[in-house]
Amino acid sequence: MSEAGYQPFEVKRVPELSGAPPHRYRVAIIGAGPIGLAAAIDLAQHDIPVVLLSDNNAVSTGSRAICWAKRTLDILDRLGVGERMVAKGVTWQTGRLFHGHDEVFNFDLLPDDGHKMPAFINLQQYHVEHFLVERAKEFPDLIDLRFSNRVVSHEADDSGVRLTIDTDDGAYEITADYVLACDGAGSPTRKRMGLSFEGQSFEERFLIADIEMHEDPFPEAGRPERWFWFKPPFHEGQSALLHKQPDNIYRIDLQLGPDADPELEKQPDRVIPRIRQVVGDKPFKLDWVSVYRFRCARLKQFVHGRLLFVGDSAHVVSPFGARGGNGGIHDVDNLCWKLAAILKGTAEPSLLQSYEEERGHGADENIRHSAGATRFMSPVSDTERTYRDEVLDLAADLPFARSLINSGRLSTPCALTGMSLQTTGEESTDSTDFKAASSVGCVAPDLPINSEQWLLPLLGCAFVVLVVDAQTPADLETLQGVSVVSIKASEDATNRYGKGVFLIRPDQHIAARWPADHADVQSISRAMKQALGAGQGLAA
Ligand SMILES: Cc1cc2nc3c(=O)[nH]c(=O)nc-3n(C[C@H](O)[C@H](O)[C@H](O)COP(=O)(O)OP(=O)(O)OC[C@H]3O[C@@H](n4cnc5c(N)ncnc54)[C@H](O)[C@@H]3O)c2cc1C
C-alpha cells in the first residue's frame, strides 16, 4: 500500500462535547468506507447536509476491491472523483480465460469507442477511499466528517433516529431525520437489530495476495489484461486469477480448497512458492496476503423506516464479478436523489420503497452472478463438478460451451424495466426510431457531444428531458426541477438512442421515452410524477 493510504486522518473534538447546543441532523451516515463516503458526497451535491461517522481514522487496509466498472466510474465521475480514479487506475478491457495450458477464449468488455469512462479500471480500494475523503472535504458546510466516532447504539421511531456515539473524548448522542447504515459486511447496526442476513456460504478458501513486481507479466499483450485459469499447470486442479493494479502491484487469487488452513497458508514460506509458480523467476515482494471464504447474502429489507441499509451492510457477494463495491455505489446512486427529494419535500417518504424494489433487484442479480461463478469454480456436488469439467473440455472446440464458463460475469448496471417508477405502455409509446440500448429502465448510454464534452456529465444529477435529433416539445419551462438537453444526430447518438424524447432520472436511468411527435409537456409531467413515486402503489 502507498504511504498515503496509511496516513491517519485528523480527529477533531465534536461540538456536542464542547458545549454546543443540541443540533438535529438531516442525515447521519454510519461508516466511511467507499459507500458511506460516496453517499455523503452525493447528498451534499443535492445540498443535503450530512454527518458522517467513522469508527477509525484511516482508509481500509488489505486486499479489498480493485475492479471498478464503467457504470460505477460514471457515477463516481458525477461525484467528482472519476477522472482522478481513471488517471491513477490501470485501464483494461480484455480478459483471457485459460484451461490448463490453453487459452480457451478472450473477451473485450467495451468493444465500441465513444464513452468518457473505460470498461474497467483496477484501483486499490484504499486509493478510492482516499480520493473520496479528499472530495468530501470540499464540502465543509455540508459534510461533517467525524473520524474515530463509533456508533454504539441507536433507537429509531417514526420521527427520526437517535444515535449514541463513542469517542476518545467521551460519548454523546445525536438525532437525525434519516440514518444510512453503511457500516459494512459485519454491520453492527444490522446485528443490533437482529436482522437475518440470508444467503449462501461457500466452504472454499482462496488465497488473495497483492505483490509488488516491476517486470510485466503481460509482455505479449502490450497492455494489462485479466487472466483467469481453470486447472492451471502451476496450481494443480484449482483456479487462479492475475490482475494488475497501479504502483506495480499485482493481485493473485489462488483457490486453495475447503480444507486449507488459513493461518498456515498466509505464511510467506507457503505463499512465496505458490506465487513463484504463477510469475516465474520475476523478482517480487509481498504487499498483503489474506485467506478468505466468501458468502453471498442479503437483508430481506433494506428500508427500515428511517434507517436505510446501503452497500455491504445490505448485501454481500464473493468478489468474482467485482459486484460488491460496484453494487454498493449503484445503491448510492439510486438512493441519494430519492432521499434528497423527500427531504426537500418534492417526494413522499414512500418513494424509498422504490429503493427497496430497485436495489433489491440489483442485489439479487449480483448474488445470482457471483454465486454462480463461485459454484462454477468450486463445485459442491459430483454433478456440478462433472458439468463444469465437461463445459471446460468442450469449450476448446465448441463456441456454445464458452458462454457457459463462469469465472465471474463482470459488474454491469441492472435494468429497471417494468418497475414502479418507469412509465411504459401508452404513456411512453415505443417506436422503431428507438434503440434497445436506451430502453425505458436502462442507464442512459454515454456519447461524445464534441471533442471535449460527454453526454453523461451534461445530464448531471437532476431530471433531464433529453431531446435526440428531434424538436424540443413546447412549454417545458413550466416543469419544475427539470432541465433540457438537446443533441443533434451523430453516429453514436443514432446507434445508441435513435431519435426522440427521453425523460432521464437523476441517477441517469431512462424513466420514459417518446417518439418526437408524441412527446408533450403533459405526458412528460405525468412521467416525472411517476418517477417521483406518485401512483404505482408507492403512495404514502
Ligand atoms: C478480497 C476482496 C476483493 C474484493 N474485490 C472487489 C472488487 O474488485 N470490486 C468490487 O466492487 N468489490 C470488491 N470487493 C468488495 C468490496 O471491498 C466491498 O463491497 C466494499 O468495501 C463495501 O463498502 P462499504 O462501504 O459498504 O463497507 P466497508 O468498506 O466495510 O466500510 C464500512 C465502514 O464502516 C465502518 N464502521 C463499522 N462499524 C462502525 C460503527 N459502529 N461506527 C462507525 N463506523 C463503523 C468500518 O470501519 C468501515 O470503515 C472485494 C472484497 C474482498 C474482501
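The structure I examined is a predicted model.

**Entry 1: contacts and overall form.** I looked up the contacts in the protein chain between residues at least 6 apart in sequence, and 73% of them join residues at least 24 apart. I noted 15 helices and 25 strands in the protein chain. The radius of gyration is 24 Å, close to the 24 Å that the globule rule gives for 540 residues, so I record the protein chain as being as compact as a globular protein of that length. Along the principal axes, the C-alpha atoms fill a box of roughly 70 × 65 × 45 Å. I found that 47% of the 540 residues count as buried.

**Entry 2: domains.** The domain assignment gives domain 1 (3-90 + 122-197 + 299-350) and domain 2 (425-531). I read 31 Å between their centres, taken over C-alpha atoms. Ten residues of domain 1 and eight residues of domain 2 take part in the contact. On the side of domain 1 that touches domain 2, helix 3 (70-78) and helix 9 each give two or more residues. Helix 3 gives the most to that side, with four residues. I sorted that side of domain 1 by class and noted one nonpolar, four polar and five charged residues.

**Entry 3: ligand shell.** I looked up the 35 residues around the ligand; Gly 31, Gly 33, Gly 184, Gly 311 and Gly 324 come nearest. Helix 2 (34-45), strand 9 (150-157) and helix 9 (324-343) each supply at least two residues of the shell. Helix 9 has the largest share, four residues. By class, I recorded 16 nonpolar, 14 polar and five charged residues in the shell around the ligand.

How values were computed. Residues are numbered from 1 along each chain as its sequence is written. This is a predicted model: local features need pLDDT of at least 70, side-chain atom pairs count only at pLDDT 80 or more; totals for chains, interfaces and linings use all residues. A residue is near a molecule or strand if its C-beta atom, placed from the backbone, lies within 6 Å of it. Ala, Val, Leu, Ile, Met, Phe, Trp, Tyr, Cys and Pro count as nonpolar, Asp, Glu, Lys and Arg as charged, and the others, Gly among them, as polar. The radius of gyration is taken over C-alpha atoms; the globule rule is 2.2 Å times the number of residues to the power 0.38. A residue is buried if 20 or more other C-beta atoms lie within 10 Å of its own, exposed if 12 or fewer, and partly exposed in between; C-beta atoms are placed from the backbone. Two residues are in contact if their C-beta atoms, placed from the backbone, lie within 7 Å. Domain bounds come from an automatic or database domain assignment.
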